[in-house]
Amino acid sequence: MSVAQEMILMLPEIVLVVGACFILLCPRPLAWPLTMLTLAAAVGAMLATAPDAPILLMSGMFERSAEVDVLRILICVLTVLVLRYARGYPVSSDRLQSNEFYTLATFGCVGMFLISGAEHLVALYMGLEILALSLYPMIAMVRDDGRAGEAALKYFVLGALASGFLLYGMSLMYAATGTLHIGELAERLGQMETNRILLLGTVFMLAGLAFKLGATPFHMWLPDVYDGSSLPAATYLSAAPKIAGLLLLLRLFGDGLMALAADWTTLMMALAVLSLLLGNLVAIAQTRIRRMLAYSAIAHTGFVFLALCAGSPKGMGSAVFYTLVYALMAAGSFGMLLLLNARTTAEDIKDFKGLNHSHPWLAIMVLILMFSMAGVPLTAGFYAKLYVLQAVVEAGLWPLAVAAVLLTVVGAYYYLRIVWYMYFEEAERPAEPGEDLTHVFLVSANALVLVVIFAVPQPWLEMSQRAAGVFVGGQ
Amino acid sequence: MSLLGLMIWTPIAAGFATLVLRDPAVVRRWSLAASLFVFVLSLVAVAGFDPAAGYQWQYQTSWIPAFNIDYHLGVDGLSLPLVVLTAFIGVLAILTGWNTATRHITQFFAAFLILEGLLIGVFCAMDAALFYVFFEAMLIPMFLIIGIWGSDNRVYAAVKFFLYTFLGSVLMLVAFVYLALQSESFRITDWYALPLSSLEQTWLFLALLLGFAVKVPMWPVHTWLPDAHVEAPAAGSVVLAAVLLKIGGYGLLRFCLPVAPDASLALDGLVIGLSLIAVVYIGFTALAQTDMKKLIAYSSIAHMGFVTLGLFILYRLATETAMLSVSGAIVQMISHGLVSAALFVCVGVLYDRRHSRNIQDYGGVLETMPVFGALFVFFALANAGLPGTSGFVGEVMVILATFQAGWWLAVLAAMVVVLGAAYSLWMVRRVVFGPAEHAEVKAFQDLSGREMLILMALAVPVLGVGLWPVPLLDLIEPSVVQLIDQAQAFKAGGAP
C-alpha cells in the first residue's frame, strides 16, 4: 500500500491532531466552534474513508475497520455531548472553556482513536498515554481548587504506576514471544506452552488495565478523581474513555492473549466479582452524587469484566454493548448533574429531593437514567445486563451470573434512593437547574435514547457483535 | 395492532397523555374513559374466545432476533380471566382514586394507567422475555404509587416492595436465560417440551419459585406485603391485592408446573408446607391485627396460600380431583381479586371519613352508614367463604380435592375458612356493629354515588361467580386439562 493510501486511511487521526493544534492557537471565541468542527470533520473523514474490510496500516501498527469506526463515531458523539454539557458550568467561563481545555479534549479523542485501531503493543500504549496525558491536565486545570489538584496528582501517580505495570507486562510478553504485534502475539501464544514469564506478563498487564479502568482492588483513585476534579473534567472522564478502555481490553485480552484465556479468566472473575461487590456496597454509603456515580462505575466495570470472563465472541459482544449503554448512561447522568449545577452547587444526593415537584420533566429523565443503571426493563440497561448474563450462562458460569444479579439488587437500592428523593421527599432547598434549553434538550435526548434502544435494540446489538467480531477475527 | 396489543398500549399511551393534559378534571375523565375502553376490549376478547382452541388472539412478530425474542401475545383459559379481572379492576382503581391524590394528580392517574397496561401485558405475554419485561417494568409505577401517594411510612414500604420483588425476579431472569439457551427460544410453549434433567429442573424450579413466591406472596417472603398494603393509597392497595398478587399464582401455573414437572413433583411437599403455614400461621396473625388494612393484607396472604396449596396438591391426586383443585385455585384467585379489592375500597371509604385505619377508632358505623355497613358485611362474609359468594366456590373445590390427598391436609386447609370467618367477622363486628361511640363516626355520611358504584360493581361478579360459576369454569377447563397434562408429563423419568 502506498504512503498516500495509508495517509488517507489515517485521515481521521490526522484531522484531529491538526484540529487540536489550531484549537490551541485560535482566538478564544473560536475555540468551541472549531472543536465541534474538528470532531465533525473527523467523523466525516471516517465515513468518507471507511474500508470495506479490516485493513492493516503503517507496517501493521494500526488497523482500520468500518465496524470499529462505528464505535469511534460514538466516541466523537459522546465527546461533543459532554463538551456541550460542560459549557453551562459556571466556573467554566474561566479555564474550563479555554482553548487548552478543548485542545486536551480533542487530543484525548486522538488517544482513544489510536487505542481503537492499535494492532501493536507500542501503538496501544501510545494511544493510552495520549489519552491519559490529556486527562491529567484537564483535571488539574482548576488551579485554585485544592481538591482538583489532589485528584489530578492521585490520578497521575497511580496512572503512571499502572502504565508501568502495563509496560512491564508487555516487555515480558516480548521477552517470551519475540513480537509486539498483537496478531503475531496471538499466533505465537497459540503455539506455545504456558510458562511463568507469560503468566507474569499477563498478570502485570491485567493489573495495569484494572488500574486504568478502575476495577477493584485497583479502584482507589476513581472516587477521589470523580469527586475532586471539576465537573466538566469528570464528565469527560466518565463517558467516552470507558469505550476506549473496553477496546483496550478487547484488543489485549480478547485478541492478543486469547490463547491464555484459561489463565486470565480466573483473575478476571475475581476482579469482576470484587468490583461488583465493592462498587455496589460502598455506593450505598455515599452522600455525594459523584462519589456514588464513581462506585457505580466500579460496579459497572465489574459487569464488563464478567462479560469477558465468558471468553466467547458473544461475551465480547455483550461487553461492547454494555459499555456503549453505560457510556450513554454516564454521559446522561453527568449531563444532568451539570444542568443542576449550572447556577448553584447541587453535588449532594439530597439536592435531588423534591425535583419532581419543581421540575417534573427533568425528574422523569433522571428516573429513566437511574432505572437504566439499575437494569430495569423499559430501558437499555436491562438488555445490557441480559446480554452479559446470556454470555455468562452460556459459558457455564451460572454461579457468577447468580452472584452478579444478586449484587445488582443491592445496587438497585442506591439508584432507587435518587428516585425516591426526587419523587417522595420535599425539597430542602429549591432546585435551580440551568435554563439552557439546548442543554435540557440534549440531556433529555440522551436519556430517551436509552428507551429507544430498549424498544429497538437489534441494530445496536448487531453493531456490538460486529465490532467485537473484528477483535476475535483479527488473529 | 392486535386486540391484546391495543389493550396493553392504550392505557400506557393514555397514561403518558395525561401528563400533557394537566387539568385534573379532564385527566380524571380521560383516565376513566381509557380504562373503560380497555375493559370493553377485554369483554370483546372474551366474546370471541373459544375455550377449546388453546391460545387465541395471538400476535407474533420478531422483536430482537439476536436474542430470539419475539413480541408474542396470546391468551388461553388461564390468562384470559385474569386479563378481564385486570381491566375491570383498572376501571375501579381509577374510580377509587378519583379524589385521593392531593398532589401530582396527573401523575397519579398516569401511574395507574401505565400500571394497568403493563399488568395486562404480563398476562398476555407468550414470550418469556416479554413477560419478564412487563413483570419488572410494572414495579416502577407501583413503586411510585406507594411512595408518592402513600401514608406516613411510605418510603420504607415502597423500597421494600421494590427490592423484594426485584430480588425474586433477577434469579428468575437467570433461570429464563438458562432455559432460553437450552431451547434457543424465549417462547414459553417451547419450554414445555424441553427435556431437562432432574438436577436442572430443581435449580430452575427453585429460581422460578422464589421469583413468584415473592409475588404471591408465600410465607416466609411475604413481609413486604403488609407494609406495601398499609402504606399504599386505597386505589394502590386495590390493584396490589386484586392483580399483582395473582401474577405470582399465574407464574406458578405458567412456568413452574409445566416447565419443571419433575421438580414440581419432587418439591411439592415444600410448597404445600409453606402454603399451609401461610394458611394457619398467617391466619392467626391476621386475627391479632388492629389495623384494618393490615388485617386484610394478612388475609390476602392466607388466601393466596390456599391458592398455591390448590395448585401443588395436584401431584397427590387422581386426574379428576386434580382438575377440581387446580380449577378451584384459579377460581379462588379471581374471587380473591374481587373480594380483597372490595375490602380495600371499604377501608378506603372509612379512611376518607375518619383518616384512621384502626379498628378501635370505629364502631357503630351501621348507624350512620347503613348501605355501606351492609356491603362491608357482605364482602367480609365473601372473604370468609360464605356459600353464594365467589369465595365459597374456590374454597370448597380445593378443600374437597385436598381430602383425597389426606384428611389432615384438608383439615389444615379448612382453617382458611375458620380463621377467615373469625377475623373477617370480628373486624366487621367491631367496626360496623355496636353503639357508635366516637363523635366522628356519628357524623359520617353514607356512600357517595361514586363509592356506591364501585362497591356494587364488585358485588355483582362476587355474587355472579358464587351463584353460577359454570361459565367461568367452562372458560378455564380446557386449559386446566392441558396444564395438568403438562404438569404430569415428566421429563426425567421421575413419575411416581
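Predicted model: local features only at pLDDT ≥ 70, side-chain atom pairs only at ≥ 80, totals over all residues.
Residues are numbered from 1 along each chain as its sequence is written, with chains lettered from A and ligands numbered from 1 in the order in which they are written.

**Stop one: where the chains meet.** Show both chains: 26 residues of chain B are in contact with 24 residues of chain A (contact means C-beta atoms, placed from the backbone, within 7 Å). Now select H7(B), residues 154-183, one of the helices on that side of chain B (helices are DSSP runs of H or I, at least four residues, and strands are E runs of at least two, numbered from the N terminus). H7(B) gives the largest share, 15 residues.

**Stop two: a helix pair.** Pick H4(A), residues 66-86, and H11(A), residues 231-238: their axes come within 9 Å and cross at roughly 165 degrees (axes are lines fitted to C-alpha atoms over the stretch in contact, with angles from 0 to 180 degrees between N-to-C directions). That makes the two helices roughly antiparallel (angles over 145 degrees).

**Stop three: a hairpin.** Go to E1(B), residues 56-64, and E2(B), residues 69-75, antiparallel strands joined by six bridges. Gln60(B) has His72(B) as its bridge partner. Between the strands lie four residues, and Asn68(B) takes a positive phi near 60 degrees in this hairpin.

Notes: Contact = placed C-beta atoms within 7 Å. Parallel < 35°, antiparallel > 145°, perpendicular 65-115°, else oblique. Pairing = 2+ DSSP bridges.
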